[in-house]
Structure formats: structure tokens, C-alpha cells
Amino acid sequence: MSQWKQIQQLEVGLLEHVDYLYNDNFPMDVRQGLADWIEGQDWETAERNESMAAMLFTNLLGQLERSCAQEPNFLQRHNLKIIHQQLQMKYNTNPGLIARVISNCLREERRILSSACMQQQGPLENSMPNSVTLEKQKNMDNRVAIIRSSVQLMDQAVKYIEDMQDEFDLRYKTLQSRDPAEKTTERMKEEVIRLQEMLNRLDFKRKEILSKMGDVIKEVDSLVTCDLHPELLEWRRRQQVSIIGGPLLTGLDLLQNWFTGTAHSLFQIKRQLDKLGELVVKVTYEGDPIPLQTPHMAETVRCLVYLVIKSSFVVEVQPCMPTHPQRSLIIKTGVQFTTKVRLLVKLPEVDYQLKVKTTFDKDLPPGRLNRQFFILTNSTKAMDVEDSANGCLSVEFRHLQLKEKKYINGAKGNEGLLSVTEELHSLSFEAHFMVLGLAIDLETTSLPLVVISNVSQLPAGWASVMWYNLLTDEPRNLGYFGNPPRASWSQLSEVLSWQFSSFAGRGLNPDQLLMLGEKLLGPGNSSGDIQVSWSKFSKENIPGKAFSFWIWLESILELIRKHLLPVWNDNYIMGFVSKEKERALLKGKEGGTFLLRFSESHLGGITFTWVEQADNGESNFTSVEPYTKSRLIALPFADILRNYKVISEGLVTDNPLKFLYPNIPKDEAFSRYYNSPQSKVHPYLSANLIPISELPSNGSVPLTHCSSPEPPMSPGVFQMLHQQLCFDTMSPPYSE
């Protein structure tokens, strides 16, 4: 079943999360109409390969054209034509962007499907909703709309006051121009009374508009302080969570609408205050409320404009190397990385370019870090509306590179206090511009970065990124690993499951997490509130091993991603199960039943264990030495399971693997992954690589025991097979 069909079978609550994934950047109509084709393309690779992204984008437009031509419904056909035009305009100059958008959507769909299979969400995901809730969105939309409507009504009120004042001014000047002798007449007295009444009404209207204006300014202040600012902080926290594998980040377009609507209301209020100031020049009087109240109001509005615009300058895409799109915040020296900043307020037209300057490790005191870096490439770029698909000012830096500074006599900073991957850095962004006569200095920073000089440091660097963004929402605590806090197992286990759902497509179930908890903390110590230290997670070696817990787990992630992905996603790999539980599960099962688990003693290894029932009723278990990437490069894992043989006392037995635990026939589970048989049109005998394990002879003590369920091959048959087949002979059956 395709991924999209599985998505459509989810419950309503999860479908709401899916709904947030799709917008004008990638409409759901396209996902629905081209579901099978979209899932068949390698969008993840296209993210970091511009030529491949361009090819896929061209093919996408072609598929959309064909779908449009075949669509019988006129309205839907019309909508697809519009979508085709919009996509072409948005991504024609940057096809890598749509590859990233689609890749993220597919990845998040897999995460949602994975979470649907879990019994419950973790505490971090529960506390950090992946998007603004529908009810909150409606409330915010209403508040911004009400303010906007109130400001529009005040525009009409100011215009009414201006008209009223013009009439008063005309009557007053007409009265002043008359002959002084006429001023004592009854008619003139009546005109003076009318003028006084007009002035009273004018005074009332001025006080009324100022009162309404004060109320609206207070409402805007409340909106900014109590709603907009907290929503922005929540978005930034969701960004941290999404970076380490959590729910896909959404909600920035909503924030942009709210920030822009609020800012434009403030701009309009400022123009209204300026207009009232002009009216005072023409007509004023004793007790005039405008000169008394507007200075304070104008200052409040200026402060709110400054606050709204300054806080709307955000890092939309955190620094990331295109070669490792799922490892944000890790930068390798000499390798290009990308980042993007965005202003959430659509500004009035400015008469000059808004330039953004990047600075690495700004304002850090000398000696604070072991290593110092500088940006090798151009670090200044202009923001432009055309660079943003949603009409907001943004700028993307695509070709930044870091270079480490050279040190005189080899002297560095506080060398030795922190490891390379525990040393945190930051990238700052600055801009300066004028709006409505107000000078605004914009500044924002990336989340803390890890800088590596060798790709072998990537796993340890990612551990630092995970630990930081899991446990703190501080935007720039660069000394964090001087004294890193502990994490509860419930927090850490949730993030570990995210690594598998985001990198491998399927998260970990409670049983798998229980095994990991016991491996890290010891038997019986994997309850949710047990505290885990940073050192135990990533620095200390597992007892009896030459690697840490995280390095072991990372090697398994890499093995799945490169060699086991479809088998893992179809839930055929139990993976994380202790040897004791493995035997308990297999005991009493039909002979030839096996399960797949990851090696605990090898980095990036997978093994299988099968059971045979002896005549005396005992269950005998046999495990094969783990297969690592060096073997899986030569022979796909599914073919290993299909062709596996055992040599016992010089005789080759049939494949002992019959049923995948609990009772799935092996071929039923894995046949779709087998390599297709070679064509028989050529005159040569086919050659196959067959994995074989050799059991110890009867004179030795076996590590494990296996009795063959079928009669062994005769020496003659074995000799014939040996001449025609290439054997991949492994060491004897294995026990961890």
C-alpha cells in the first residue's frame, strides 16, 4: 500500500497534522494526483544535487501537465493549471527548494504514520504541538482582524474630524472677515453660538478618537506582549525540536500574517497621529486634547513598531550542509553550507536595498574557544521580496564556508577544556534600515553550531546538537557543555525514536526502547524518570566495548539507511532485543523460525538467530556472526536470507531459515526485496554469491548447537554446487 493511501486511513486528529504540511509551497492536490510518482523519486538526494533537483522539477511539471489533461472535472482541471503556473514561478530558478519541501513532507508523513503505530506520544511531543492549534489560530486571526477593522474605522473618524474642522475653520474665518459693525447684530450672535457648538462637537470628537486610539494601542500592546511574542518563542522551540527529528516545523506563515497585520495597523495609527498633529496646526484651543495626549501615544506606537519589526527577524532555515540535510547545525570547515533569514513583516517600499551581514562567533571574548573561524566567502547579501515565495523579505545564503584561523606558535584558546564537538559556535545576522522615519537595527543569531574538521566527527557532533536542543530553549548558550544537564530517560528515549522515524522512516516501539534503556542504564533501570548524564550517553564506552552508547546506535542508523531501509520500514527487523528475550521468544517455535536483531558487540551489524527443536524436546538456538556494511555492500541482506546455507562436517544443508518470527514464511516476507534472477539468454551458467556458515566439528565445543532439519547434501552434490556457485563463507555460528 502506498504511503499516501496509508495516510488517508489515519484518524481525524492525525489527518489534521497532515493538513498542516501542505500549502501553496506544495499543494495537497499535487500530492494526491501524483502520489505514486512522487513516492517513487529520490527527493532526499535531490535536495543536495542541483542537477537532479532540476530534472525532478521538470518531470514534476510534466506529470502535472498530463494529470491536468486527463482530469475530467473542469474546475479541478482549472485549479491544476493555476497550480502548475504557481509552481513554475516559485521554483524555476531554485528547484532544489521544492525538492527540500517535498522531501520534508514525505519524511513527516512517515513520522506521522510511525506515531500512529505507537501506543502514545512522548512527553516532549505532547508539550510541543507540531503546529498552531486550529482554535488558537482562529482566535489570533480574529484579534488581528478586529484591530485592523478598528484602525480602519479610526481612519474614517479622523477624516470626519478633518471635514468638521474644515467647516469650522471656514465659518470662523468668514465671521472674522465681516465688518466689525455687524458683530453686535443678533444674526452675528447666533453665528458665534453655532461656532461654539461646532467647536464643542469638534472637541468631543477629538477626545472620542483619542480614547478609541488609546484603546486600540493598548489592545495592540497586549497582542504583541501576550500573544505574538509567546507564539514566536513557541515557534522557535518547535524549530529546535524539528531539527532533532521531531514534528515538522510549521506555523511561520501564520506568524507572518499576524506580524504583518499588527505592524500595518501600527503604521496606520502612526499616520493617523501625524494627521491629528496637522489638524492642531490649523485649529487649536485651550484644553485641546491632541497636543496633550498624542506625544505619549506616538512614543508608544514607535516602541511597538520597533519591537514588532525587530522580533520578526528570524532564522527560517538553520545553517546546514547540503550534503547532510538531516544534520543541521553541524558545519565542516571548507564545505559549503546554507542558511536563510526572513523578516515576518511586509514592509512599505524602501528606497534602498536591505543588506544582511553574517558574522561568525560575534562578540565572543578572546580565548573563549579552543578554535576560531572566519567566513571565507562573501558574507553580505541583500534581502529582496522576489527571493521569497510568500512576498516577504528574505535572503538565503547558499555558499558560505568556514576556515579556521591560523595560530602563532600553535597557541589556541582554552585548549583541552572541551572536545571539538562540545565546543559551540554561532552565526549572527545584522541589518539596518529606516521605516516611517524610525531607525531599526535588526539582529538575530542561529542556534548553537558544532564545527568539525573531519566527517568522522559528525556522529559526536550530532549528539551535541541533540542534547542541547532537547534540554534547553536558550538561543545562544555557547558554554552549555561546560556543565551539561542530565536528561530523563523519557525525554531521551523519545528523541532516539525520532532519529529512527526521521532518518529511517519508522520509530521505535516501547519494547525496543525498553531494551535500549536497559543497555544504557542497566537491567531494571529504564523507567521514565531515571536521569542520564551527557557523559554516559555519548562519551563513556559501553562496559566491555570500545565505543559509546550513542556511537553504537548511530552506526545502526547508518546501516538501516544504507542497507536495510525497506526491510526496517516493513517492520520485519525486531532489531533491539536482548539475547535472553530473543531465546524466550523463539523457544517452542517451529524449527527454522528466526528473528533479526542488531549486534550489541559490533558497530553497525545485524544478525539472525534461528531455533531448531531437538528430539528430546529441547530448543536449540544458533546465531550467525553479524553482517556489517562491508558484507552488505557485496550482497543485499534479503538475498543473504534467501540463499543462506550451513556446512556441517563438510556437508551443505538446506537453508535453515524458514519462518520469520512469529510465523511468517520467509519468502512471503522478503521475496519483494530479492534481486531479480538474471536473464538466461546468454550461454553462460549463472553465478550466485551464497552466504554459508560452517558449524564446528563434533570434536570441538560449539558456541551454539544446530541440528539440520533436512537430510544433508551428499559429497557429490556439494562438489557440483561448489563448481557452479561462489560461496561467501562466514565464520562459525556466533554468540554475543
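Student: Which ring does Lys-519 lie over?
Tutor: In this predicted model, Lys-519 lies over the face of Trp-552, at 4.8 Å from the ring centre.

Student: And is Trp-552 buried or exposed?
Tutor: Trp-552 is buried, because its relative accessibility comes out at 0%.

Student: OK, which aromatic does Trp-552 pair with?
Tutor: Its partner is Phe-576. The two rings sit edge-to-face, 5.9 Å centre to centre, with 75° between the planes.

Student: Which residue lies over the face of Trp-568?
Tutor: That's Arg-506, at 3.9 Å from the ring centre of Trp-568.

Student: How many aromatic pairs does the structure hold?
Tutor: There are 28 aromatic pairs in the structure. One of them is Tyr-480 with Phe-481, an edge-to-face pair at 5.1 Å centre to centre and 85° between the planes.

Student: Are Tyr-480 and Phe-481 buried or exposed?
Tutor: Tyr-480 is buried, with a relative accessible area of 5%. Phe-481 is buried as well, at 3% relative accessibility.

Student: Let's switch to helices. How do α11 and α14 cross?
Tutor: Helix α11 covers residues 186-243 and helix α14 covers residues 458-471. Their axes come within 9 Å and cross at roughly 150°.

Student: Left-handed or right-handed?
Tutor: The α11 and α14 crossing is left-handed.

Student: Which residues meet there?
Tutor: From α11 you have Arg-237, Gln-240 and Ile-243. On the α14 side they meet Trp-462, Val-465, Tyr-468, Asn-469, Leu-470 and Leu-471. By class, the contact has 6 nonpolar, 2 polar and 1 charged residues.

Student: Zooming out, how many helices and strands are there?
Tutor: The protein has 23 helices and 23 strands. Of its 736 residues, 48% are buried.

Student: And what share of the contacts comes from residues 24 or more positions apart?
Tutor: Counting contacts with a separation of 6 or more, residues 24 or more positions apart account for 73%.

Student: Can we look at Val-308? Where is that one found?
Tutor: Val-308 is in helix α13 (residues 289-311). It counts as buried because its relative accessibility is 0%.

Student: What does Val-308 touch, apart from its sequence neighbours?
Tutor: Leaving aside neighbours within four places in sequence, Val-308 is in contact with Val-224, Phe-259, Thr-262, Ala-263, Leu-266 and Val-345. Val-308 and Leu-344 are also worth a look: they are 36 residues apart in sequence and 9.2 Å apart in space, C-alpha to C-alpha.

Student: Now Ser-446. Where is that one?
Tutor: Ser-446 is in the loop between β11 (438-445) and β12 (449-452).

Student: So is Ser-446 buried or exposed?
Tutor: Ser-446 is buried, at 1% relative accessibility, and the cut-off for buried is under 20%.

Student: What is Ser-446 in contact with?
Tutor: Beyond neighbours within four places in sequence, Ser-446 is in contact with Val-315, Gln-318, Pro-319, Ser-426, Leu-427, Phe-429 and Pro-475. Between Ser-446 and His-425 there are 9.1 Å in space, C-alpha to C-alpha, and the two are 21 residues apart in sequence.

Student: On to the backbone. Which peptide bond is cis, say around Pro-662?
Tutor: The bond from Tyr-661 to Pro-662 is cis, with omega near 5°. Pro-662 is in the loop between β20 (659-660) and β21 (664-665).

Student: What is phi at Leu-329?
Tutor: Phi of Leu-329 is near 75°, a positive value in a residue other than glycine. Leu-329 is in the loop between β1 (313-320) and β2 (330-332), and is buried with a relative accessible area of 0%.

Student: And what about Asp-361?
Tutor: Asp-361 has a positive phi of about 50°, although it is not a glycine. You'll find Asp-361 in the loop between β4 (354-360) and β5 (373-375). Asp-361 is buried, with a relative accessible area of 13%.

How values were computed. Residues are numbered from 1 along each chain as its sequence is written. This is a predicted model: local features need pLDDT of at least 70, side-chain atom pairs count only at pLDDT 80 or more; totals for chains, interfaces and linings use all residues. Side-chain values use heavy atoms; hydrogens and water are left out. Axes are lines fitted to C-alpha atoms, for helices over the stretch in contact, and angles run from 0 to 180 degrees between N-to-C directions. Helices (H or I, at least four residues) and strands (E, at least two) are DSSP runs, numbered from the N terminus. A crossing is left-handed if the near helix is turned anticlockwise from the far one by less than a right angle, and right-handed if clockwise. Contact means heavy atoms within 4.5 Å. Ala, Val, Leu, Ile, Met, Phe, Trp, Tyr, Cys and Pro count as nonpolar, Asp, Glu, Lys and Arg as charged, and the others, Gly among them, as polar. Rings of Phe, Tyr and Trp (its six-membered ring) pair if their centres lie within 6.5 Å; planes under 30 degrees apart count as stacked, over 60 as edge-to-face and the rest as tilted. Buried means under 20% relative accessible area, exposed over 50%, partly exposed in between (1.4 Å probe, protein chains only). A charge sits over a ring if NZ of Lys or CZ of Arg is within 6 Å of the ring centre and within 35 degrees of the ring normal.
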